[in-house]
Amino acid sequence: VDQTLQLNIQKTILESHTIATPKASSWWKSDGAVTSSSSGLFSLGKGADLSQTSVQMKVSVRTNLSADSEMITSTVRARYASAMVKTNIPSDIEKRMIRVTKKKPPKELMLQIFLDAANAHIKDEKDSSSASKLTSKIKGLAINSTKASKASKITDSFSPTPGSGKIFIGFRTSQTTGLGIHLAAPLMPTVEREAIDFVDPALRVFNMELLETAGILMRLALEHEMGRVGIMWDEGKAERERWVEEDKKQQLTKAGGDGKKGNEDATQANKETNNDSSTISGSLFSFASYMARGVKNTVVEAIKSVPEILGEDDETTELLNPRDGRPLSLEERDAIVLMRSYCPRPSTPDSLVGQCLAKGFSRCLSSSFPPVLTTSGVVRGVDARLCHHGMEAFGTENVVRRIMFENAQEYHTMIAQCPPLTVVDLIKSLRSQILDENQLVRLLKWWPKI
């Protein structure tokens, strides 16, 4: 405007992968992925036709039209998956569609989904000496304002929060997906292009089948990304073990009378973790509504407040709610953001959209539960266990950390359907290990409490 740059949007592709379609484990089993809609109108392509890309969106906007005003910058990471879809429209439906739309349905079409990703090492680029005074979490950025900046409002649209995903038919419609996922698809809209046409019989079948295919794409994207999270989780095992050992030493030092120094070290470590974790996506911060009604500013602070709310000084409460002070790793943060994108909400204004997406999601791999991240790695939901009555303190495998569950409750309970720990799981775990003195004492104190 008037020879002055007012808005700048940069898109950087961080990495791109081909989504592999899970195949049946053997020729007599049907546990492979279903890639076509119920009536066969649509089928996903293979190989390069299915891809997932991680991008970084950087938006810079001037505070006003003056050339002397500063640029406010907001940066966010996101991921999107795309699929080339082949069509097989029956002749009777095709004739009715031509009569309504005055054109033939396409032979191929493109589906795209857009969802949030954890921000890794993304800092606020606003140069101001007062930036540290008034900061608010806006999609992982520290911005010197109590209100969302113009730049952050734009980046917010690239990373939808749970339930706020929109349907795009060229332009954005008023219809939500019921998930934290945007969907761009050549659906047949109503005349005003604000909603999907479910009134005309032919268009209704076309739209429902295409939405079901989109649900299949969402499931394949979830499986692909959780698989990558699992690989990175295994690679970071040594670092997590070092943290656990150092934490044990600090606890022993504290118990031996030098607790003050241990607390100072822990405080300093938490400060460093807060600085690193301050870039996590804003979609995590609804965790505060579950636990402490909005009094936390960062994910790490939310973790620290959990034992305080439960009564950290009470022995019984501590036995039933074991201490878990390890900060979230990047893999865990990315998994939380991913799982929260799939936490279901009612799709509005038409709930049929969410039902069609759910149908495709469940049909894609009907014999497999969606994956979750546990302390042992990524496993199927049926193989994972939720924390229950403090049993997780005794080395049980495949346990979902409490903080992971609290940040994506609907995913773990409704989507992955993870069962809680039982005494049977505990006994099985105790049989395969030798308890040290501290674990044995804890077990003897814990058993009468359940």
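1. Start with Thr 155, which sits in helix α2 (residues 150–156). Helices here are DSSP runs of H or I with at least four residues, strands are runs of E with at least two, and both are numbered from the N terminus. Leaving out residues up to four places away in sequence, Thr 155 touches Met 57, Val 59, Ser 74, Thr 75 and Val 76, where contact means heavy atoms within 4.5 Å. Its relative accessible area is 0%, so Thr 155 is buried. The cut-offs are under 20% relative accessible area for buried, over 50% for exposed, and partly exposed in between, with a 1.4 Å probe and protein chains only.

2. A word on provenance. This is a predicted model, with local features needing pLDDT of at least 70 and side-chain atom pairs counting only at pLDDT 80 or more, while totals for chains, interfaces and linings use all residues. Residues are numbered from 1 along each chain as its sequence is written, and side-chain values use heavy atoms, with hydrogens and water left out.

3. Now the whole chain. The secondary structure comes to 13 helices and 14 strands. Of the 450 residues, 47% count as buried. Among contacts with a separation of 6 or more, 71% are between residues 24 or more positions apart.

4. Helix α8 covers residues 330–341, which is 12 residues, and reaches 17 Å from its first C-alpha to its last, close to the 16 Å expected at 1.5 Å a residue. The expected span is 1.5 Å times one less than the number of residues. Helix α8 is mostly covered, with 11 of its 12 residues buried. Charged side chains are on that buried list too, including Glu 331, Glu 332, Arg 333, Asp 334 and Arg 340.

5. On to the second largest pocket, with a volume of about 440 Å³. Its lining has 25 residues, and the closest to its centre are Leu 357, Ala 358, Phe 361, Ser 362 and Ile 415. The elements that give two or more residues to the lining are α3 (201–235), α9 (352–364) and α11 (409–415). Helix α9 has the largest share, six residues. By class, the lining comes out at 13 nonpolar, 10 polar and two charged residues. Nonpolar means Ala, Val, Leu, Ile, Met, Phe, Trp, Tyr, Cys and Pro, charged means Asp, Glu, Lys and Arg, and the others, Gly among them, are polar. For the method, a pocket is an open set of points on a 1 Å grid over the protein atoms alone, with a 1.4 Å probe fitting and protein on both sides within 12 Å along at least five of seven lines; lining residues have an atom within 4 Å of a point. Points are joined across faces, edges and corners, and the volume is the space filled by probe spheres set on them.

6. Glu 410 is in helix α11. At a relative accessible area of 17%, Glu 410 is buried. Its side chain makes a polar contact of 3.4 Å with the side chain of Arg 345.

7. Leu 421 is in the loop between α11 and α12 (423–431), and its 1% relative accessibility makes it buried. Beyond four places in sequence, its contacts include Arg 385, Leu 386, Cys 387, His 388 and Met 391.

8. Backbone points to look at: most residues other than glycine have a negative phi, and most peptide bonds are trans. Thr 348 and Pro 349 are joined by a cis peptide bond, with omega about -5 degrees, and Pro 349 lies in the loop between α8 and α9. His 389 has a positive phi, near 55 degrees, and Asn 398 has one of about 60 degrees. With 41% relative accessibility, His 389 is partly exposed, whereas Asn 398, at 19%, counts as buried.

Definitions and conventions. A polar contact is a pair of N or O atoms within 3.5 Å; within protein, one must be able to donate a hydrogen and the other to accept it, and residues adjacent in sequence count only if both atoms are side-chain atoms.
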